[in-house]
Amino acid sequence: MKPAAFEYHRPTTVDDAVELLDEHDDAELMAGNQSLGIVMANRLATPDHVIDVNRIDELDYVDVGEDAVRIGAMVRHRTIERSDLLADHLPMLPEAAEQIAGPSVRNRGTLGGSIGEADPAGNYPAVAVALDGTLHLRSVDGEREVSAEDYFIAYMFTDLRENELVESLSVPRDPYPPERTGMAFLELKRAAQTWPTLSAAAAVRVDDPDADDPAVEHARLALANAADVPLRVEAAEDTVEDAPISEATLSEAAAAATDAAEPSGEMHADEEFKEEVAGEYARRALRTAFDRARGVEPPAFDGDAGRAEA
Ligand SMILES: Cc1cc2nc3c(=O)[nH]c(=O)nc-3n(C[C@H](O)[C@H](O)[C@H](O)COP(=O)(O)OP(=O)(O)OC[C@H]3O[C@@H](n4cnc5c(N)ncnc54)[C@H](O)[C@@H]3O)c2cc1C
């Protein structure tokens, strides 16, 4: 099927884009068009106006500031995957990006499109929640900031207003000093290039990476596709904080993640299976992040389908 007819707009500044959003009630932003194109071709969305934001250069940046790392909405998955700055400061993001679909989707798909789409299985929504991210939203009325945890409200439903766009995501630097922090984004996939059955995003900061048994000072864990929204699991974080990681604390964290998960069943993974996977991937992600924080090679886990070829 072909999309229904629409009027096409191609602004080159954020100001012009938000003017257009404000002017037209029935408008969709078009970023990488990797999801919107499919939805429109199947006429599940028939907007009267499409606002193509691909020429807005001011949305395409990665900035490591004194207090926060900020990433513009038009940064593509491939750029995130290959960014040395992000690999140094927020390695969870490149690890999440490199596991999205295949090269053609990663070459076009964007951070803003993924946050705008707000699929609870999406990689960046879980990263944003895990890392205490803030979403910077723009409209004709100015900028508004919303914490990632408050932004995702229900299944593919967000706090974004009709006349707003996502300008960027920022993540505070203070909780994640690279020399004492490990991060992990792990997915269970049936096959490369499919959406994951479930993913776990973890960040762990230790007190002394050179100690034999460093204690966890700060832990963050979020799951994708384990509920209607990206799910932060505070009970799991609490079980591993303020002590060295052990098999016992990891098992408690896994049980907390299984308890917290409220997944929808799918053709290849019913609810019970996904709850179990939530626990196991919480365990693996926390363990991997902890090992990376102290510069130790994490164990190889069985059962992951291969990653998409670069
Ligand atoms: C085969 C396949 C497999 C995939 N696998 C994964 C996966 O494993 N993990 C994953 O996370 N994603 C996956 N994706 C989705 C992919 O990441 C998409 O690129 C992404 O979800 C949408 O990004 P986009 O830039 O293409 O946005 P578009 O398709 O252009 O837009 C998507 C939605 O976001 C809105 N939007 C776009 N930009 C903004 C903005 N700045 N502010 C507010 N709203 C905006 C649009 O209006 C639209 O409603 C997959 C996609 C495909 C086709």
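D22 lies in helix α1. Helices here are DSSP runs of H or I with at least four residues, strands are runs of E with at least two, and both are numbered from the N terminus. The model is predicted: local features need pLDDT of at least 70, side-chain atom pairs count only at pLDDT 80 or more, and totals for chains, interfaces and linings use all residues. Residues are numbered from 1 along each chain as its sequence is written, and side-chain values use heavy atoms, with hydrogens and water left out.

D22 counts as partly exposed because its relative accessibility is 39%. Buried means under 20% relative accessible area, exposed means over 50%, and partly exposed falls in between (1.4 Å probe, protein chains only).

D22 also belongs to a patch of negative charge on the surface. Other members include E7, D48, D141 and E162. Patch residues have over 30% relative accessible area and no salt bridge, and like charges are joined within 9 Å.

Now the whole protein. It has twelve helices and 14 strands. Its radius of gyration is 19 Å, close to the 19 Å that the globule rule gives for 310 residues, so the protein is as compact as a globular protein of that length. The radius is taken over C-alpha atoms, and the rule is 2.2 Å times the number of residues to the power 0.38. Of the 310 residues, 52% count as buried.

H49 is found in strand β3, residues 49-52. H49 is buried, because its relative accessible area is 12%.

Key: Patch = residues over 30% accessible without salt bridge, like charges linked within 9 Å, V, L, I, M, F, W, Y side chains within 5 Å. Areas by Shrake-Rupley, 256 points an atom, 1.4 Å probe, with all protein chains shown as cover. Salt bridge = Lys/Arg side-chain N within 4 Å of Asp/Glu carboxyl O. Lys, Arg positive; Asp, Glu negative; His and termini not counted. Charge placed at Lys NZ, Arg CZ, Asp CG, Glu CD.
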